[in-house]
Amino acid sequence: MQNQKLVIEGGHKLSGEVRVQGAKNSSLPIIAASLMCQGETVLKNCPALSDTYASCRILTHLGCECRFSGNTLTVKPDGLNSYEIPDDLMHEMRSSIIYMGALLGACGKCCLSFPGGCELGPRPIDMHLSAMKKMGASVKDEFGIIECMADKGLHGTKITLRYPSVGTTENIILAAVKAKGETIIVNAAREPEIVDLALFLNKCGGKIKGAGNSTVVIEGVEKLHGCMHYIMPDRIAAATYISAAASTNGEINIIGIDSNLCDSFISVFEQMGCNVYIYDGCIYVNAKKTLKSVNKIITMPHPGFPTDAQAIVMAVLCKAEGNSIFEENIFENRYRHVDALVKMGADIKVIGKVAVINGVKKLYGAKVSATDLRGGAAMAVAGLGAEGTTEISDISHIDRGYENFESVIASMGGKIKRI
Ligand code: UD1
């Protein structure tokens, strides 16, 4: 697996229809939440990704039973017999920190290793830890091991976040759903994946109000029970396939998507000159014209332009007429894909958190290495629209977030293979 590469022969217009996969960022916290329920949970539309498999390994290690078949994940958490996640499992997936809230909620304690930094730069967890403390957990953080204990159980409280962090909001919801009393999160993240988590927990018997707004109120309940839940569609996968089509001046019909999830980036493709039609759970994008540069794109918490779409949209704008500017406000180190795009002929200057793209007529295939999940996808998007062959190594990053990436692209006429 480690040495696999994607080889892309650029210059073939993509055309076709794609049913978008279930959302990675929704499935991971929901899988963690399933360990807090009594009885079986069935998750439909669960994306088959390396991060999903890593989640299953964590649950299995904790004593739960997991069965993944097709896109249905069945979790039976009744055998839960541990509150410790070893180092190797914690490091398999960045979002493993979500098990802090889930385990505290399920058994009043957890012992995890510090997730550390990652390819996007330092990933502090100070907000997660201070929220758990405020809810009554004692937190010991020694030699990279975090031990949280709440012998008397967690209690509700008001928590004001200094920044609307997605993971912190999810961790608080998980910790609060079975805590004593009411928890109020002020300045909560408003990402749609948080709404999906709350929807799931409410089906399980939780009492969560306001998810998707900046104030979320959670009234603790005694018990949660398993349920059947359909994971929401992945808006970033949708943005990626639209970008892939646009990069080749092709056309695409995305099906099984709620277009409201995509408002923040659909307008960018419209500015590029793409024709976008929205109808009955579908987004049709026709990019058969020369693309134009766009107004400054500023990554922001939802409902702003998502940081996860920054690299892939940048890959399209490399060939748009004129100058485009990005301002990356969420992560310190999220321009690592730029070197690869420049190697492919792009004209991009990065100054701090700003990237200026001067559109060029052509990109050229090159040997590049995926720097992170979305950066790797951006290289594929650029490679599809480039002249010649692009070879992307380190594609385990891409496999963390895209289900059958090369088959989806090939189904639209892209010349791509995994070697
Ligand atoms: C989630 C998404 C990720 C997306 C990101 C921002 C999942 C699995 N991942 O990541 O794809 O790019 O939201 O939309 O859903 N921060 C702190 N202290 C903390 C927590 C966060 O300073 O305790 C900072 C981070 O360093 C970062 C910013 O807050 O600069 C946003 O992070 P956050 O919203 O927490 O992102 P994640 O939940 O890690």
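This is a predicted model: local features need pLDDT of at least 70, side-chain atom pairs count only at pLDDT 80 or more; totals for chains, interfaces and linings use all residues.

Colleague: How are H8 and H12 oriented, roughly parallel or roughly antiparallel to each other?

Modeller: The axes of H8 (residues 235-247) and H12 (residues 373-384) come within 7 Å and cross at roughly 25°. Angles under 35 degrees count as roughly parallel. H8 and H12 are therefore roughly parallel to each other.

Colleague: And what is the hand of the crossing where H8 passes H12?

Modeller: With the axes crossing at roughly 25°, H8 goes past H12 in a crossing that is right-handed.

Colleague: Tyr-241 is in H8 too, so which kind of aromatic pair does Tyr-241 form with Tyr-402?

Modeller: Tyr-241 lies in H8 and Tyr-402 in the loop between H13 (396-399) and H14 (405-411), so the pair ties together parts that are 161 residues apart in sequence. The rings sit 6.3 Å centre to centre, with 75° between the planes. Planes over 60 degrees apart count as edge-to-face, and this pair is edge-to-face.

Colleague: Back to H12: which strands does H12 lie across?

Modeller: H12 runs at about 170° to S23. The sheet there is open, with 4 strands in the order S22-S23-S1-S24 and mixed pairing. The strands that H12 lies across are S1 (6-9), S22 and S23.

Colleague: Which strands stand at the edges of that sheet, and why is one side of each left without a neighbour?

Modeller: S22 pairs with S23 (residues 389-393) in the parallel sense over 3 bridges, and Val-368 has Ile-392 as its bridge partner in S23. Each edge strand has a single partner strand, so one side of each is left without a neighbour in the sheet; the edge strands are S22 (367-369) and S24 (415-418).

Colleague: Now the sheet S10-S11-S13-S12: in what sense do S12 and S13 pair?

Modeller: This sheet is open, has 4 strands and is mixed in its pairing. Ile-208 has Ile-218 as its bridge partner in S13. Over 3 bridges, S12 and S13 (residues 215-219) pair in a sense that is antiparallel.

Colleague: Which helix lies across S10, S11, S12 and S13?

Modeller: Look for a helix running at about 170° to S11 (182-186). Residues 166-176 make up that helix, H6.

Technical notes
Residues are numbered from 1 along each chain as its sequence is written. Side-chain values use heavy atoms; hydrogens and water are left out. Axes are lines fitted to C-alpha atoms, for helices over the stretch in contact, and angles run from 0 to 180 degrees between N-to-C directions. Helices (H or I, at least four residues) and strands (E, at least two) are DSSP runs, numbered from the N terminus. Angles under 35 degrees count as roughly parallel, over 145 as roughly antiparallel, 65 to 115 as roughly perpendicular and the rest as oblique. A crossing is left-handed if the near helix is turned anticlockwise from the far one by less than a right angle, and right-handed if clockwise. Two strands pair if DSSP finds at least two bridges between them. Contact means heavy atoms within 4.5 Å. Rings of Phe, Tyr and Trp (its six-membered ring) pair if their centres lie within 6.5 Å; planes under 30 degrees apart count as stacked, over 60 as edge-to-face and the rest as tilted.
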